[in-house]
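Hello,

Here is the structure I promised to pass on.

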Amino acid sequence: MEVQKENYTISTDPARLQFEVIYDFLTNRSYWATGISRETLQKQLDHTTLHFGLYDGENQIGYAQVLTNFTSFAYLGNVFVLEDYRGQGLSKWLMATILAHPELQVIRRWLLATRDAHGLYRQFGFTELTKPETMMEKFDDSAIRR
């Protein structure tokens, strides 16, 4: 899938991904994957169901990944737009494109984790857990560095 808006493109083609851009942002500028190893990120990218690369011409300027079974569940992660491109509505366009993807229209439950972008995700129907008592997690913050 590929969509365009002005000079920008969103593509789900994994061959277009620019590993160094994704790695630099996640390991050096994100709060959720600081210090991720190259090997761990490569394995993660290799096993991600859908990639959404955001490009200015040929240069990657953003990214999001979706892990899904294409029937009932999807997890949205590693969403970012590089700092120089923020404030132009690109993250909203990226989110709208992800949620409009034809193969994701039957998803019953979407999950994501965010510390600071609640306002963005609320615009697309995300809320706090409606029944947190039914959800559990096993979280190991140090696992990303192993």
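R16 is buried, because its relative accessible area is 19% and buried means under 20% (exposed is over 50%, partly exposed in between; 1.4 Å probe, protein chains only). You will find R16 in the loop between β2 (8-11) and α1 (19-28). Leaving aside residues up to four places away in sequence, R16 touches E2, T9, S11, Y55, G57, E58 and Q60, where a contact means heavy atoms within 4.5 Å.

Please keep in mind that this is a predicted model: local features need pLDDT of at least 70, side-chain atom pairs count only at pLDDT 80 or more, and totals for chains, interfaces and linings use all residues. Residues are numbered from 1 along each chain as its sequence is written, and side-chain values use heavy atoms, with hydrogens and water left out.

Now for the whole chain. The protein chain has four helices and six strands, in the order β-β-α-α-β-β-β-α-β-α from the N terminus; these are DSSP runs (helices H or I, at least four residues; strands E, at least two). Of its 146 residues, 39% are buried. Among contacts with a separation of 6 or more, 57% are between residues 24 or more positions apart.

On charge, the protein chain carries 15 positive and 18 negative side chains, with the centres of the two sets 7 Å apart. Here Lys and Arg count as positive and Asp and Glu as negative, without His and the chain ends; each charge is placed at NZ of Lys, CZ of Arg, CG of Asp or CD of Glu.

Best wishes
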